[in-house]
Protein chains: 2
Amino acid sequence: MRLKSAVILANGSFPVHEIPLNILKTSECLVCCDGAINKLETAGIKAHAIVGDLDSLSNDLKRKYQDIIHHFSNQDTNDLTKAVNWCLMNKINDITIVGATGERDDHMIGNIFLLPSYTKKMKVKMLTDYGIFTPVMRSRNFDSYIGQQVSIFSPQAETIITTANLRYELTNQKLDMLWQGTLNESMGDSFRIDFEGPSLIVYQEY
Amino acid sequence: MRLKSAVILANGSFPVHEIPLNILKTSECLVCCDGAINKLETAGIKAHAIVGDLDSLSNDLKRKYQDIIHHFSNQDTNDLTKAVNWCLMNKINDITIVGATGERDDHMIGNIFLLPSYTKKMKVKMLTDYGIFTPVMRSRNFDSYIGQQVSIFSPQAETIITTANLRYELTNQKLDMLWQGTLNESMGDSFRIDFEGPSLIVYQEY
């Protein structure tokens with residue numbers, strides 16, 4: 001599968017950390033959730049597409065950006081999902097999401113735990129000001145460094161997990177509660193997670 | 001049960017919103033996770049107890065606060081849980097947690113989804129800069145206002161939920177995914193959630 005990539009700016013806190021900020025500044029295809037366009041303007045960065053229900057957009061901005069605005073009014077999906085769906089429609093299959101955390105706590109949780117539903121159709125990761133969330137559908141290795149803080153989230157609690165090269169190893173274990181896989185640590189320049197069952201979400205601190 | 005209350009300051013972002021900030025300033029018993037003591041000093045607020053593994057505390061601070069420091073070295077619990085356990089040991093059974101969100105994303109998720117485990121032994125709520133998380137063990141009414149943004153999290157996905165007076169009502173429904181109960185809205189000055197099964201977490205925006 002040839003990968004066509006984009007960066008999505010969601011409507012949480014605008015990135016401060018240099019890693020997501022650089023990704024935003026250097027993106028060749030930047031898809032902006034409509035509620036985030038003011039922040040993007042303030043930062044002097046250009047969007048290639050603006051996607052959303054346009055509720056939060058002034059008429060001035062609607063006129064200014066009419067050529068790149070894509071209106072989706074579906075109330076069953078949140079703003080981030082609308083942007084992801086626009087990418088899928090445009091055959092973009094490698095997405096980096098920034099600005100999806102901070103501000104409203106329930107939006108943040110929603111955005112993070114939506115990641116596994118996106119990963120069935122595309123490669124996706126989310127970069128915050130503190131680290132990277134990666135939804136994972138199958139066993140794999142992760143690049144890392146000694147002492148990197150790592151958390152494993154098992155949203156459906158049924159997944160049977162075995163880890164290698166983490167400080168607190170799991171061996172054919174389920175994580176019944178979302179907090180149980182947090183605060184682990186990498187023991188080297190890579191670690192591995194093998195599992196059977198529904199997708200996991202892995203968080204690695206920068 | 002007579003309630004004896006305390007406020008716990010966790011080691012996330014120091015509160016900015018006036019609601020958690022006022023609670024912090026006016027608390028008669030303020031329990032501070034050890035990593036947050038510098039922020040509390042900067043704000044000129046006094047802690048009544050400092051709880052943690054003391055890893056992050058300088059020797060100067062250890063000396064300064066020796067009379068109110070309580071050392072817990074258990075690696076199986078995070079800082080917030082250590083503070084909650086100290087409260088339980090001191091027969092405190094009504095806890096308001098502030099400063100538990102912001103900063104490291106995995107800490108934030110851990111702290112929020114630990115709430116149901118605390119609520120078996122005490123009354124507990126968490127106030128962020130945006131709203132209130134309340135773990136709920138049984139069906140109840142919630143005070144609200146028209147248009148209040150409400151999210152319902154069902155961490156174990158098995159709970160059968162019926163709501164009353166929300167914009168998008170649930171009727172004997174399970175929430176299979178954590179994001180499915182987000183972005184609801186109150187239709188009046190109260191709403192009700194009836195459920196059977198494991199605890200829920202309800203989020204109400206200020």
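Begin by selecting residues 131-201 of chain A, where UniProt, in an unreviewed entry, places the feature "domain: Thiamin pyrophosphokinase-like substrate-binding"; UniProt positions are given here in the numbering of this model, with feature names shortened, and annotations may be inferred rather than shown by experiment. Over residues 131-201 the chain is 0% helix and 44% strand, with the end C-alpha atoms 13 Å apart; helices (H or I, at least four residues) and strands (E, at least two) are DSSP runs, numbered from the N terminus. This is a predicted model, in which local features need pLDDT of at least 70 and side-chain atom pairs count only at pLDDT 80 or more, while totals for chains, interfaces and linings use all residues. Residues are numbered from 1 along each chain as its sequence is written, chains are lettered from A and ligands numbered from 1 in the order in which they are written, and side-chain values use heavy atoms, with hydrogens and water left out.

Now colour the strands of chain A. An open sheet of 10 strands runs in the order β4-β3-β2-β1-β5-β6-β7-β13-β9-β11, with mixed pairing; two strands pair if DSSP finds at least two bridges between them. At the edges stand β4 (69-71) and β11 (184-185) of chain A, each with a single partner strand, so one side of each has no neighbour in the sheet. Within this sheet, select β1 (residues 5-9) and β2 (residues 30-33) of chain A, which run parallel and are joined by three bridges; A:V7 has A:L30 in β2(A) as its bridge partner. Helix α4 (residues 79-89) of chain A packs on the sheet, touching β1, β2, β3 (49-52), β4, β5 (94-98) and β6 (123-127) of chain A, and its direction makes about 150° with that of β2(A). Contact means heavy atoms within 4.5 Å, and axes are lines fitted to C-alpha atoms, for helices over the stretch in contact, with angles running from 0 to 180 degrees between N-to-C directions.

To see the contact, show the side chains of A:L80, A:T81 and A:V84 in α4(A), which meet A:N111, A:L114 and A:Y118 in α5(A). These residues divide into four nonpolar, two polar and no charged, where Ala, Val, Leu, Ile, Met, Phe, Trp, Tyr, Cys and Pro count as nonpolar, Asp, Glu, Lys and Arg as charged, and the others, Gly among them, as polar.

Which residues of α5(A) meet α5(B)? Select helix α5 (residues 105-118) of chain A together with α5(B), whose axes come within 12 Å and cross at roughly 105°. α5(A) is therefore roughly perpendicular to α5(B). A:D105, A:M108, A:I109, A:I112 and A:F113 in α5(A) meet B:D105, B:M108, B:I109, B:I112 and B:F113 in α5(B), a contact with eight nonpolar, no polar and two charged residues.

Finish in chain B with β2 (residues 30-33) and β3 (residues 49-52), which pair in the parallel sense over three bridges, B:C33 standing opposite B:V51 in β3(B).

Methods
Angles under 35 degrees count as roughly parallel, over 145 as roughly antiparallel, 65 to 115 as roughly perpendicular and the rest as oblique.
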